[in-house]
Each structure stands twice: as C-alpha cells, then as structure tokens.
Amino acid sequence: MNSCVVGLQWGDEGKGKIVDVLAEHSDIVVRYSGGANAGHTVVVGDSRFALHLLPSGAVRQMPICVITNAVVVDPDTLIKEIDNLAQKNITLNNRLFISENAHVVLDYHKKEDQLREESLGKNKLGTTIRGIGPCYADKVGRSYAVRMADLRDLKKLKAKLQTIVDYKNKIFAALYNAEPISADNIFEKCKSYADKLLPFTIDTTEFLHKSIADGKSILFEGAQGSLLDLDHGTFPFVTSSNSSALGMPAGSGVPAKMVDKFIGVAKAYTTRVGAGPFPTEQDNEIGQYIRERGGEYGTTTGRPRRCGWFDAVAVSYAVTIGAIDSIALMHLDTLAGLKNIKICRTYKIDGKETTFFPADTARLSKAECIYETVPGWDEEITEVSNFNDLPLNAQNFICRIEEETGKPITIIGVGPKRKQTIFR
Ligand code: GDP
Ligand code: IMO
Ligand code: MG
C-alpha cells in the first residue's frame, strides 16, 4: 500500500504530524518537492522536532527516508537536521537516501532571494528567504545549476562554481549594488557537503521502483500546500515547485497510478504565511483567537500566520486537482470556544457566484465569500479519541465539510501529539 500526504491549503496544515503517525506502518517515507522552506512539526512525547528537508518519518527509528529529484537540497540545513537527530540517538545511517539528481541550494541562492525581496519593497512575495526561487530558476535555466551528483567531481565543480559565481556577482552588483560572494568559500563548503552527504546519495528512482517491486509500502510526504503550487496555485504568490499532488509523480519518478491513496490535509480553518489573496482571512479578533489558540506562528520563519475561516471552495479545488481520496482535518481543537463557525461555500466575483476556485489572483482578489454559519462548541476536545464523543456541533461541522468537499474526513486532529488523532 502506497500513500501520499498532501497539503490542501497554503501550507502548514499539519502534514508533519500526519506523516509521522502514518509512518508507523510505512517502510519508506519520501520527500518529493520543495526545500528548506518547509517546516514540518512532529511532537513525540515532550520532544518537538521541526523538520525542513528530512521526511517526517525520520524521527522514527525504522523507516527508510528518501529525498527525491525535485527537492532542492540545502546541505547546511540537511546536515544540521541529521546531526540534531543523532544527538537524540536517532541515526539515519543506512536509512537515508538523497537523489543524485536533486539540485543543491547554495549561499548565492539565499542571497539572491533576500536581495530580490528587499528590492521589491511592498511588492515582495514574502518568501522564506531559503533560496528556493533562485535555485529552481537555475534548475529550469540549466546552465548554472548544481546537482548532488556534481559533488562527486570536485575538480569539475570548482571550475563550474567559478563561472556561476562570476555570473551571480555581476547580477548582485548591477541590480542590487551588493557585495560580491567568494567562489572559493562556496567551493570549500561544497567539499564538506561532499564528505557528509555523498554517502547517502544514490539514484532514488531506481531505489523506489525496486522497493515497489519488492512490495514495500511507501509514504510520500508533500511539502507546502496545493494553493502554493507554481502552476496551479495563486501565482505569483506561490512557491517555485509543484506543491499540489500533481508534483508527486514528477518529483519522485513514481507514477501517480502506483499510489493507492492520496490523503489531503487541511486545517479546520485556513492560514497563510506571506503575501497574496486570502478570501476568508479574518484580520480581526477571530483571526487573533485562532492564531493564539492554534500557535499559528511559522515553523521556519517564526512569522505570525494570517488566519481565517475554512474555505470549502479552495479546499475542493485542491481535492479536484489532486484526485484526493480522503481528508485529514487538523486543529479541530483550536476552534473550541467560538460561538459560531463559518464555512465559505461560494465566491461571488463581479456579481457572479462560483464554486470553482480561480487560481488567477486578479479574480481571486475580488472574491466575496458567501458563508454558511454553524454553531460552535465550548468543550475542550483535546482528550477525545472517538468521533462519537465529540460535541454534536463539532460532529456536524465535520459532516458539513465532508458534504462541501465530497470527500470523507477519515482523520481528525485534536492536538499536536500522536495520540491526539481520531481515526474514523
Ligand atoms: P506542516 O508544515 O503541514 O507539517 O505543519 P506545521 O508543522 O508547519 O504546522 C502545524 C502546527 O500545528 C504544528 O505546530 C503542529 O505541531 C500543530 N498541530 C498539528 N496538528 C494539530 C492539531 O490537530 N491540533 C493542534 N492544536 N495542533 C496541531
Ligand atoms: P510547509 O511545508 C507555509 C510560502 C512563503 C511564501 C511563498 C513563497 O511547512 O507547509 P518560498 O520561500 O517558497 O519562495 O516562499 O510560499 N511558503 C510556505 N507557507 N508553509 C510552507 O511549507 C511554505 N513554504 C513556502 O511563506 O508566501
Ligand atoms: Mg509548516
């Protein structure tokens, strides 16, 4: 049985928690897109892990962890993550594989990300400054890209880096009047990346297909969320990868038809970090209530997340483009104490009602939300382990979301811990 967990909103839906829970029954856990812009939180007892590149299955001792071709690997972050886990006696020796074809995020990517964002002023995208856009741009441009396999031939890499850094320095000086970077420094760092990461570097496509032939069960872990997808999200306020379920086959080299189940993860409300349209945003005391109760501050950047009501139009779109089979609805506990809860069922744009999410930001920015209001509940539900023990109003809220999205909600999150998970 192979499954894929994918975010149905603008990221931070609780993918890390769900992947950790499901990883108990998986042989292999795979990160297939994005980079260290992701921050996936896993809570195990009193320990809290924030993973940026390692699949969330890493915190368990057993599953094999794979980072495939379309991930952009920031070696500094990855090495730090491996070391942090080692300090907690969780070793990745013999159970981490990184694709030789994955692209490498280097310091000039992060610098370019930061300089561009600063120069855009109020028009900035609000990126995580992890060098994601510049690294994917180099991948698409091809001539100045560095892949993991390039770390194998340091002599060749040295010459290549000199060419790339010369080019980057011209841009830094001309566009941003910024200090040049040193190709030698980057090369020295690459030597240490080669030492530390080449032992893990293989052809992951071959490995995954052999594993499937051997009957292993694979769990694919999406990063970001469907609405941040480069081609299908709210462009330009998106990330630079295919972060919807559509990115899984291209990103991993495993066709979608080899995956038995696509599980979409959504919060019982909506959050967004960074700029861009957000129709159900509650920039008021409701949003504040959700942010404080839900601890809605970025795992990667610490930024306060924008909060709003559940948007069934947006989630249904992510379900449709991802052929999602079932939904994990997280943070139900966060909504306790609200007298009424709203669900956006329809948008009105230029006087016309639509239930199909427009990814075009100009149209989306004009969307007025038509809400259904359902009664809330006061009881804390963080100890509830059975659907039938939830307050009736919470049960009804879940059933309404199922009706709106047309998909069963088979997992419900009532807190960050593993056992705070209801299965139906
Ligand atoms: P991801 O990027 O999708 O993995 O999500 P993040 O880890 O960035 O953000 C989700 C946050 O919510 C983390 O702090 C989790 O520990 C926490 N969390 C996950 N599920 C639940 C839940 O059902 N209830 C509550 N209260 N917290 C949750
Ligand atoms: P996880 O995997 C939430 C957002 C950034 C910004 C936009 C572009 O934890 O759900 P980028 O650095 O990718 O160029 O930034 O995308 N973003 C995320 N928001 N969760 C994430 O990942 C995100 N990864 C990127 O805030 O708006
Ligand atoms: Mg996150």
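**Close-up views of the model**

View 1: Arg142 counts as exposed, with a relative accessibility of 65%; here, exposed means over 50% relative accessible area, buried means under 20%, and partly exposed is anything in between, with a 1.4 Å probe and protein chains only. This is a predicted model, where local features need pLDDT of at least 70 and side-chain atom pairs count only at pLDDT 80 or more, while totals for chains, interfaces and linings use all residues. Residues are numbered from 1 along each chain as its sequence is written, chains are lettered from A and ligands numbered from 1 in the order in which they are written, and side-chain values use heavy atoms, with hydrogens and water left out. To find Arg142, look in the loop between H4 and helix H5 (154-176); helices (H or I, at least four residues) and strands (E, at least two) are DSSP runs, numbered from the N terminus. The phi angle of Arg142 is near 70°, a positive value in a residue other than glycine.

View 2: Ile129 belongs to the loop that links helix H3 (107-120) to helix H4 (132-141). With a relative accessible area of 29%, Ile129 is partly exposed.

**View 3: Where the backbone meets ligand 1.** A polar backbone atom of Gly14 lies 2.8 Å from an oxygen atom of ligand 1. This is a polar contact, a pair of N or O atoms within 3.5 Å; within protein, one must be able to donate a hydrogen and the other to accept it, and residues adjacent in sequence count only if both atoms are side-chain atoms. Look next for Gly413, with a backbone N or O atom 3.2 Å from an oxygen atom of ligand 1. At Gly415, a backbone N or O atom is 3.2 Å from a nitrogen atom of ligand 1. How much of ligand 1 does the protein bury? Ligand 1 exposes 580 Å² when taken alone, and the protein buries 93% of that; accessible areas come from the Shrake-Rupley method with a 1.4 Å probe, and for residues only the protein chains shown count as cover.

View 4: Which residues come nearest to ligand 2? Of the 20 residues around ligand 2, the answer is Asp12, Lys15, His40, Thr128 and Thr239. The shell around ligand 2 divides into seven nonpolar, ten polar and three charged residues. A polar backbone atom of Gln224 sits 2.8 Å from an oxygen atom of ligand 2. An N or O atom in the side chain of Arg303 is 2.9 Å from an oxygen atom of ligand 2. Taken alone, ligand 2 exposes 550 Å², of which the protein buries 97%.

View 5: Asn37 sits in the loop between strand E2 (28-31) and E3. Is Asn37 buried or exposed? Asn37 counts as buried because its relative accessibility is 11%. An N or O atom in the side chain of Asn37 lies 2.9 Å from an oxygen atom of ligand 2.

**View 6: Two prolines in loops.** Pro236 lies in the loop between strand E10 (218-221) and helix H8 (247-252), and the peptide bond from Phe235 to Pro236 is cis, with omega near 5°. Pro408 is in the loop between helix H12 (392-405) and strand E19 (409-413), and is partly exposed at 38% relative accessible area. Pro408 and Asp325 are 83 residues apart in sequence, yet 7.7 Å apart in space, C-alpha to C-alpha.

**View 7: Arg31, tucked into a strand.** Arg31 is part of strand E2. Its relative accessibility is 0%, so Arg31 counts as buried. From C-alpha to C-alpha, Arg31 and Ala70 are 9.0 Å apart in space and 39 residues apart in sequence.

Definitions and conventions
Near = heavy atom within 4 Å. Nonpolar A, V, L, I, M, F, W, Y, C, P; charged D, E, K, R; others polar.
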